[in-house]
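Hello,

Here is the structure I promised to pass on. Have a look at it first, and then read my notes below.

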Amino acid sequence: MASNLRAVIAKNQGAALAASAVVTGALLKNTVTQNSDDVVHPPAYPWDHLGLLASYDLKSVRRGFQVYRQVCATCHSIEGIHWRELVGVTHTEAQLKAMAAETDVVDGPNDEGEMFERPGKLTDPLPRPYANIEAGRAANGGAYPPDLTLMVKARHSGQDYVFGLLNGYYDPPAGKEMLAGLYYNPYFPGGAIAMPPPLQEDGVEYEDGTKASIPQMAKDVVQFLNWCAEPEADDRKKSASLSLCVIAFCLLMTGYTKRLRWSPLKTRAISYIKPN
């Protein structure tokens, strides 16, 4: 009996040690994988618009649109946003009509079957810097600047990644060789990015007088890109809040109606009188 008990205990100890070894190996493998990453993961910044009842800072969105127009639009497009969608968000309708009219849009064909240029209007998307992908590659050494409409959603950590990338240009560390035309940025996979530092101190002159430091411009343009990716976010939160209020009211009325209808039945007393 004692020998059988010792055999069972020894068998269970072996299974436990094997399970511990598997778990430890998995943890070590995960640690090695993370330590061998060729990119620095950005910290999680406290973005105000991510709260359940928070909304976009439209002043920051307007400044970010200014940074995009004066800096980013020379290489990147935002084809998913039209001028009309910015009405009441960054500028008035009259201001956006004037901005759109400053651009030339290829339209057509006309009655003669030819394409023609016309001034832009509110129904047009924001202009593209290049006519096609091949022209964009030729102007940037073979690297095509991506469209920024959904850039915040297309990258891990979203706005944290974009903010870290815009602020992450440094001199390469000792032993890090950079090819010609590449810049060191630890937040970009591989640490080498073809895009030169886009933001410079006082690179734009904000209309509201805000100092245009590199972190400030990066924060504003990230706010604008986040709005481009989810322009309906504020309306969705409003609709969700209204729906929750309606649901709460319906639950209260359901409980009240239930107590009102059933209280006479639950409180009545039924007495049986034995006949004489």
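Which residues does Ala212 touch, not counting residues up to four places away in sequence? Taking contact as heavy atoms within 4.5 Å, Ala212 touches Gln200, Glu201, Asp202, Gly203, Val204, Tyr206 and Met217.

Before going further, please keep in mind that this is a predicted model, where local features need pLDDT of at least 70, side-chain atom pairs count only at pLDDT 80 or more, and totals for chains, interfaces and linings use all residues. Residues are numbered from 1 along each chain as its sequence is written, and side-chain values use heavy atoms, leaving out hydrogens and water.

The protein chain has eight helices and four strands; these are DSSP runs numbered from the N terminus (helices H or I, at least four residues; strands E, at least two). Along the sequence the pattern reads α-α-α-β-β-α-α-α-β-β-α-α.

Back to Ala212: you will find it in the loop between strand S4 (192-193) and H7. Ala212 counts as buried because its relative accessibility is 3%, where buried means under 20% relative accessible area (1.4 Å probe, protein chains only). Across the protein chain, buried residues make up 28% of the 276 residues.

Ala212 and Arg63 are 149 residues apart in sequence, with their C-alpha atoms 9.6 Å apart in space. Arg63 is one of the buried residues of H2, which also include Val61, Phe65 and Tyr68. The cover over the buried residues of H2 includes helix H3 (93-101) and helix H7 (214-229).

Enjoy exploring!

Best wishes

Terms used: Buried means under 20% relative accessible area, exposed over 50%, partly exposed in between (1.4 Å probe, protein chains only).
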